[in-house]
Amino acid sequence: MTFVLGLTGGIASGKSLVTSIFLKEKIPVVDGDLVSRKIVEKNSPALKEIVAYFGEDILQVDGTLNRKILGKRVFAKKELLQKLNDIMDPYLRNAFLKEINGAKEKNIPLIVLDIPLLYEENYDQYCEQVMVVWVPENIQKNRLMKRDQLTEIEAEKRMASQLSLNEKKRLGDIIIDNSATKRKTEEQVLKWLKNFQEKTEKTSPL
């Protein structure tokens, strides 16, 4: 049996750090950001749909997506962000289900679905449990401003486009507090992984 662990958090909460820990432990991770980028590659069906709605000015000269221009536009208006998510959803869902089914066919014990909008787009329905990477909102905002060179207002708009971290914390099955050191975060993830592997070994028919 394959255990599907959903991994989510908020923008700049430290989800990438947790992903790197799983990868270091040889746990397969489906990276939602990488899947999203692949879906909107040049001449892809998803990109054609996005251009048809948002206009050709969101493309670079070489025909690839200008993520910065599109990002500024959709984060300024909630309805535009929702439209983008609606266009992307069937392509993303198909890609994630393909990865899950592939893992089940190979009887992989654990696969991690790293999806930023896991709760917002109801991907939690495909997961046995959800791990939420949490930090206080003031830390999240400061990290986001520093990482993406954003103003406070820009950072707040991007945070507001997602379910709050406190709400995700309430919904999550496993909470990873990433407000301290990287080492502290790693300890929490490895502790959960050790417990999971021990339980799996006990229930194994072999």
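**A guided look at cores and helices**

Tutor: Let's start with Q140, which lies in helix 6 (residues 137–148); helices (H or I, at least four residues) and strands (E, at least two) are DSSP runs numbered from the N terminus. This is a predicted model, where local features need pLDDT of at least 70, side-chain atom pairs count only at pLDDT 80 or more, and totals for chains, interfaces and linings use all residues. Residues are numbered from 1 along each chain as its sequence is written, and side-chain values use heavy atoms, with hydrogens and water left out.

Student: Is Q140 buried or exposed?

Tutor: Buried means under 20% relative accessible area, exposed over 50%, and partly exposed in between (1.4 Å probe, protein chains only). The relative accessible area of Q140 is 4%, so Q140 counts as buried.

Student: Which residues is Q140 in contact with, leaving aside its neighbours within four places in sequence?

Tutor: Contact means heavy atoms within 4.5 Å. With those neighbours set aside, the partners of Q140 are G10, I11, A12, V135, M159 and L165.

Student: How does G63 count, at 21% relative accessibility?

Tutor: G63 sits in the loop between helix 3 and helix 4. Beyond its neighbours within four places in sequence, G63 touches K42 and L47, and its C-alpha atom is 6.1 Å from that of K42, 21 residues apart along the chain. Its 21% relative accessibility makes G63 partly exposed.

Student: Which residues touch the most other members of the largest nonpolar core?

Tutor: A nonpolar core is a set of buried Ala, Val, Leu, Ile, Met, Phe, Trp, Tyr and Cys residues joined through side-chain atoms within 4.5 Å. The largest one has 32 residues, and those touching the most other members are I50, F54 and L70.

Student: Which element supplies the largest share of this core?

Tutor: At least two residues each come from helix 2 (32–39), helix 3 (45–54), helix 4 (67–76), helix 5 (78–105), strand 3 (110–114) and strand 4 (129–134). The largest share is nine residues, and it comes from helix 5.

Student: Why are the buried residues of helix 3 on the same side?

Tutor: The buried residues here are A46, L47, I50, V51 and F54. The arc is that of the directions from the helix axis to the C-beta atoms. They lie on the same side of helix 3 because they cover an arc of only 135°.

Student: What covers the buried residues of helix 3?

Tutor: On the face turned away from the buried side, helix 3 carries the exposed residues P45, K48 and A52. The cover over its buried residues includes helix 2, helix 4 and helix 5.

Student: How large an arc do the buried residues of helix 1 cover?

Tutor: Helix 1 (residues 15–24) has the buried residues K15, V18, T19, I21 and F22. They are on the same side of the helix because their arc around the axis is only 155°.

Student: What is the angle between helix 1 and helix 9?

Tutor: Axes are lines fitted to C-alpha atoms, for helices over the stretch in contact, and angles run from 0 to 180 degrees between N-to-C directions. The axes of helix 1 and helix 9 are 10 Å apart, and the packing angle is about 50°.

Student: What does that make helix 1 relative to helix 9?

Tutor: Angles under 35 degrees count as roughly parallel, over 145 as roughly antiparallel, 65 to 115 as roughly perpendicular and the rest as oblique. The angle of about 50° therefore makes helix 1, relative to helix 9, oblique.
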